[in-house]
Amino acid sequence: MPTSTRAREAAEQRNLRARPPGEDKLPNTSKPTFKAKKPTSTAKKPASSRKPASMKKREAVKEDKEESHAAVGEKRDAAEDKGEQDESAPAHKKLKTEAEEEGDKDDKTETHDKGENAYQTGTIERGHIYFFYRPKVQLEEAQSLDDVQRFYMLLVPRPPQFASSSDAPAAQAKNDEDQEMNLVEAGADAVPAKEPLGRSKKQFRLIVVGKKGLPDSEAGGRKQVFWASVSTVGEDLKKLEEGLGGSTYETKTRGTRHQGPARLAARGAYAIVNNEAKTPSQRETHLGYYLSHPSREHMGDVQETLGIHQASSFVLQVKNPLAPNSGPGQGLPKANRADYPEDIMEGVFGKGGHRGRGSYGLRFAACERKEMLDYEGAELLFIAARSGEQGLEQSLGEGRGQALEEVEKSESNESMEQVMKELAMDESEIPPNPLEGEWA
């Protein structure tokens, strides 16, 4: 062995003998730097460096909890991150779905309004009613039903009497207490406000009754069914007077022809009432009236022939303009029928399969809204219900028939001149003589 090697070994032996007893071992340079499972060592640590078993157990539990909390937090963070991604990525899809749901709710509400809430119960309209007849062409006057060419019913709607303002200042000064007293009176909602005189601008509907008379409940009950149609809706009574007045015209085959004016045969007050119905199929509209002119003692052959009673009521139905006619010669041509808006066609008649059997819906429906009468070409069905004071009250209900009777009896003292002024008409143009019960 070389001399240099022996010298190094001798030096190392001297250094080992010179070290303290606690430093007789070299540090373990192979200890891993990551926090993993520590290598087991067979060498025992000094007593001073050992930890009690209880302390070791507590630290182990603490480390397990920290690792567990860390794991849970990582899962929660991961879930939140995922949730944020789910909410941010398809946000437009979620908003669209909510909008669609809201739209569905609106559609359901709209359908409900059309079908259920659209039905107006109680008195939907009141006003004054006038009956006219017109003699046939070339006849100066009529002497029987055979001489009658047209029979008209004129409706002039009015607000209820308790809600109207009178022209008199004293009436305008009525206090709220008086108004409330009127409101609670039985049948007050059916009594029309007094008709102003001399005003040529009023809302009106002129209805042509098909069989030149009214259905008579005393003759055959509800088997008596008459057709009618709304021929004119307007506000100009002067134009109405011109239409009901006489005229002269030329024809190619018969030369000059003369059409006599219409005659006023009766005047009174009317109310249109919808009953309370549990189901749509039970809905029913009643039109009832009580006459002021002629009075009971002046009722004559004219009124009897035309089916006009002192008091009477009818079941009123409106025909679906899309429904086919039930027979030849019945109903108006399609071009002349009412052009109702979709909310009436769908909500009342059930167009589109909502009600009825056909795609057009019901063939006939109650007059669920008074606006249904405001269309020219509206086809109506009058079914005889009841006549007389008791029959009128039974049809309208809640004291309405009695209320109409009372107010019209009080108005029966008005002169024929006053009645004509209600319509702003001239007696020389529209004769009122039949109000005395005789043909003219």
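In which sense do β9 and strand β11 pair, and over how many bridges? They pair in the antiparallel sense, over seven bridges; two strands count as paired if DSSP finds at least two bridges between them. Strands are DSSP runs of E with at least two residues, numbered from the N terminus. This is a predicted model, in which local features need pLDDT of at least 70 and side-chain atom pairs count only at pLDDT 80 or more, while totals for chains, interfaces and linings use all residues. Residues are numbered from 1 along each chain as its sequence is written, and side-chain values use heavy atoms, with hydrogens and water left out.

Strand β11 covers residues 379–387, and its S387 stands opposite S312. β9 also runs antiparallel to strand β8 (residues 285–293), joined by six bridges; here H286 has V315 of β9 as its bridge partner. Three bridges join β9 to strand β10 (residues 364–366), again antiparallel, and Q317 stands opposite A366 in β10.

Strand β9 spans residues 311–319, and eight of its nine residues are buried, that is, under 20% relative accessible area with a 1.4 Å probe, protein chains only.

Rings of Phe, Tyr and Trp (its six-membered ring) pair if their centres lie within 6.5 Å; planes under 30 degrees apart count as stacked, over 60 as edge-to-face and the rest as tilted. The count by this rule is eight aromatic pairs. One of them is F314 with F382, edge-to-face at 5.8 Å centre to centre and 80° between the planes. Because F314 lies in strand β9 and F382 in strand β11, this pair ties together parts 68 residues apart in sequence. Both F314 and F382 are buried.

Notes
Buried means under 20% relative accessible area, exposed over 50%, partly exposed in between (1.4 Å probe, protein chains only). Helices (H or I, at least four residues) and strands (E, at least two) are DSSP runs, numbered from the N terminus.
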